[in-house]
Structures are given as structure tokens and as C-alpha cells.
Amino acid sequence: MIETLFLLIAGLLGGAVNSLAGGGSFIVFPALLFVGIPPVIANASNTYAALPGYASGAAGYWHAMAPYKDRLVLYGVMSAVFGYIGAELLLVVSDELFDLVVPWLMAFAVLLFVFGNQINGFVAARSGGGRGMKVLGSVLLMAFLAGVCIYGGFFNAGLGILLLAFLATAGMRDIHAMNGLKLYVSSIVALVAVARFALSGSIDWYHGSIALVGVTIGGYLAAKNAHRIPTQWIRMAVIVYGVIMTGYFFWGAYLA
């Protein structure tokens, strides 16, 4: 009962944070570990818990994506293929090795979260509207997307920021369309990864579903009340929490 309540609260907080500032995986993934779920299964279950939020968000931005519908098929295929590769990579990693990798992934994700605006601004300033494909070349650009999707299939945290950087590189400027495409790609990556994890028995359906319910409710309630809470406060809280969790994982993996 205590575990159930703990995961429900973690899901509520994670969903709320996702709606207000992003970074909900920093809450849900460690919570799944704390209740005793092995690292690889906890990571897979976290992706499962995040999937409905991605899908509902993409649906909400569908009108904003309309001018870019010519990209949906290509981005969708890339997301499915390379998201699957990322999920497959996770499944060949042992819990012991993943324990050693997690602190570095968390640190990378936290840095992406902290400097995401600067990264996206830097990329956008160097990829003129509509010229990103010409400057970098379509092959290099698709390689960028492939790498991002592999990362997302392997480890979910920080995926949104990497996708925004990719979309800026591709020459996009409309933030609403970018958020929509970000969620669209994230949905497909997560869907393919969850399907692969399910086939291998790598999802803890009970604990993951509790987190999923919390994430869904928390995201909805936060979206309805977003005007009441300064986003900057939420961002600072997520950063502090993310740094603490990263330090905790480094201590457990290398110093304990």
C-alpha cells in the first residue's frame, strides 16, 4: 500500500512537472528504482508511464503541425526504426552495467534540461529559416534524428530537448509546431519501445501502471492550473532534484 501511494504521488508530481516545465522522468524513474524495481525494467516502465502524456500532447498540437504534415511520414518512420534500435540496445544491457550507465545518462539529461534553451537558441541562430536541410545536408540531418531516437528508445529523460534542438536545426521556428512534432516523435519512439519491452517481459505492469495513472492525472491538473505556478520555480526545483538524484546514483554506482 505504501509503495502504491508513493508511486502514485511520484506520478502525479512527474506528470505535473512535465506539463509545467518538463523533466518528469527525473521523478518517476528514481521512484520506480526506490520501490525495488531492477534498473532496466524501471527504465522500460518509465517509458510506458510517459507514453499517454506524449500521445495526448501530440493530439493537442495537431493543428499546429498541419503546415509540416509533409514531414510526418519521414519523421514517423525514423522514430519507429531508431526508437526500436534504442529499445533493443537497452535489452542487451545487464542491470549491473545499466547501474553504471544511469548516473551518466542522468547527468546528461540534467545538463540538457539546464541548458536546453541555450542549446536550442545556439542551434537556431546557425540554421536560417528553411536552410537547415541545405546547410547540413539531408543525410547529416537524418543522422541527427536517428541518434536522438536511439537515445529516446534507450533512455527517455531529456528526449524532448534533443528533439527541439533537431527541429531547430531543420529550420523550424514555430514553437507550437515544434512542440507538436517533438511530442509526435516522442510518442512513436515510446510506443515502439514499449511494444518491444512488453514482448521481452521488461515492463513492470503493476507499478508502471500506477505511475502512469499518476502522470496522466498530474499532467491534466497541472495544465488546468498552469497559470497559478511560475514555471521558473518549477524549473529550479527540477534542476535541484535532478542534481541530487544524479549525485545519489553516482554514489551508489561508484562509491558505495
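Mentor: Contact here means heavy atoms within 4.5 Å of each other. This is a predicted model, where local features need pLDDT of at least 70 and side-chain atom pairs count only at pLDDT 80 or more, while totals for chains, interfaces and linings use all residues. Residues are numbered from 1 along each chain as its sequence is written, and side-chain values use heavy atoms, with hydrogens and water left out.

Trainee: Thanks! How many helices and strands are there in the protein chain?

Mentor: The protein chain has 12 helices and zero strands. Both are DSSP runs numbered from the N terminus: helices are H or I with at least four residues, strands are E with at least two.

Trainee: And how much of the protein chain counts as buried?

Mentor: Of its 256 residues, 52% count as buried. Buried means under 20% relative accessible area, exposed means over 50%, and partly exposed lies in between, using a 1.4 Å probe on protein chains only.

Trainee: What share of the contacts comes from residues 24 or more positions apart?

Mentor: Among contacts in the protein chain with a separation of 6 or more, 82% join residues 24 or more positions apart.

Trainee: Okay, the core next. Which residues touch the most other members of the largest nonpolar core?

Mentor: Tyr75, Phe98, Phe155, Leu181 and Tyr184 do, in a core of 80 residues. Helix H10, residues 175–199, gives the most to this core, with 13 residues. A nonpolar core is a set of buried Ala, Val, Leu, Ile, Met, Phe, Trp, Tyr and Cys residues joined through side-chain atoms within 4.5 Å.

Trainee: What is Phe98 in contact with?

Mentor: Setting aside neighbours within four places in sequence, Phe98 meets Phe29, Pro39, Val40, Asn43, Leu90, Val93, Leu105, Phe154 and Phe155. Phe154 is also one of the buried residues of H8.

Trainee: Changing topic: how many cavities of 30 Å³ or more does the structure hold?

Mentor: There is one, and the largest cavity has a volume of about 50 Å³. On a 1 Å grid over the protein atoms alone, a cavity is a set of points where a 1.4 Å probe fits but cannot get out; a pocket is an open set with protein on both sides within 12 Å along at least five of seven lines; and lining residues have an atom within 4 Å of a point. Grid points are joined across faces, edges and corners, and a volume is the space filled by probe spheres set on the points.

Trainee: Which residues line the largest cavity?

Mentor: Its lining is Asn18, Gly24, Ser25, Val28, Asn46, Ala49, Ala50 and Val215. Helix H3 gives the most to that lining, with three residues.

Trainee: Is Asn46 buried or exposed?

Mentor: Asn46 counts as buried because its relative accessibility is 3%. This residue sits in helix H3. Leaving aside neighbours within four places, Asn46 is in contact with Ser25, Val28, Phe29, Leu32 and Asn156.

Trainee: And the second largest pocket, what lines that?

Mentor: Leu33, Phe34, Ile37, Pro39, Asp99, Val102, Tyr248, Phe249, Gly252 and Ala253. H2 (25–34), H6 (95–125) and H12 (231–255) are the elements that give two or more residues, and H12 has the largest share, four residues. About 180 Å³ of space lies in this pocket.

Trainee: How does the lining of that pocket split by class?

Mentor: It has eight nonpolar, one polar and one charged residues. Ala, Val, Leu, Ile, Met, Phe, Trp, Tyr, Cys and Pro count as nonpolar, Asp, Glu, Lys and Arg as charged, and the others, Gly among them, as polar.

Trainee: Last one: why does Phe250 count as partly exposed?

Mentor: Phe250 counts as partly exposed because its relative accessibility is 23%. This residue belongs to helix H12. Not counting residues up to four places away, Phe250 touches Pro103, Trp104, Ala107 and Leu255. Its C-alpha is 8.1 Å from that of Leu100, 150 residues apart along the chain.
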